[in-house]
Amino acid sequence: MAIEVNGRTIATTDTGYLENHSDWDEDVARKLAEIEGIELTDKHWDVINYLRDEYINNGQNQPMERVVLKDMGKMWGTKPTSKDLYLLFPLAPTKQGTKIAGLPAVKRKGGY
């Protein structure tokens, strides 16, 4: 599979994840979000950028949901709930968020 973004063809897996995370940029994220039916807000970008930072700068770490909740709470100054993250990414924050962030699919079971 592939997506078209600004005249570029970006390779994706059969499930819609980027084959190469370095192909990602914000326009690619917007296209992936559009495919997922999500309109990105500042909070979406916070999660997306956090997931990318963890993966790229922290040994390809793909944090579980409770860690994302804790770290978003620090960033946002409030304590978000799982429901808050699922309102942003209805098909699982750590999976759908990871897809839009252009990162490989999370392999672990569960998400909390």
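Visitor: What percentage of the contacts in the protein chain with a separation of 6 or more is accounted for by residues 24 or more positions apart?

Guide: The model is predicted, and its contacts are counted between heavy atoms within 4.5 Å. Among the contacts of the protein chain with a separation of 6 or more, the share that comes from residues 24 or more positions apart is 52%.

Visitor: Which element gives the most residues to the largest nonpolar core?

Guide: The largest nonpolar core has 27 residues, and those with the most contacts inside it are Val28, Val47, Ile48 and Ile100. At least two residues of this core are supplied by each of β1 (2-5), α1 (26-36), α2 (42-57), α3 (65-76) and α4 (82-88). With 6 residues, the element that gives the most to this core is α2.

Visitor: Which residues does Ile100 touch, not counting residues up to four places away in sequence?

Guide: Ile100 is one of the residues with the most contacts inside the largest nonpolar core. Leaving out residues up to four places away in sequence, Ile100 touches Trp24, Ala29, Leu32, Ala33, Glu36, Ile38, Leu40, Ile48 and Phe89.

Definitions and conventions. Residues numbered from 1 in each chain as written. Predicted model: local features only at pLDDT ≥ 70, side-chain atom pairs only at ≥ 80, totals over all residues. Heavy atoms only, no water. Core = buried A, V, L, I, M, F, W, Y, C linked by side-chain atoms within 4.5 Å. Buried < 20%, exposed > 50% of the residue type's maximum accessible area, 1.4 Å probe, protein only. Helix = DSSP H or I, 4+ residues; strand = E, 2+ residues; numbered from the N terminus.
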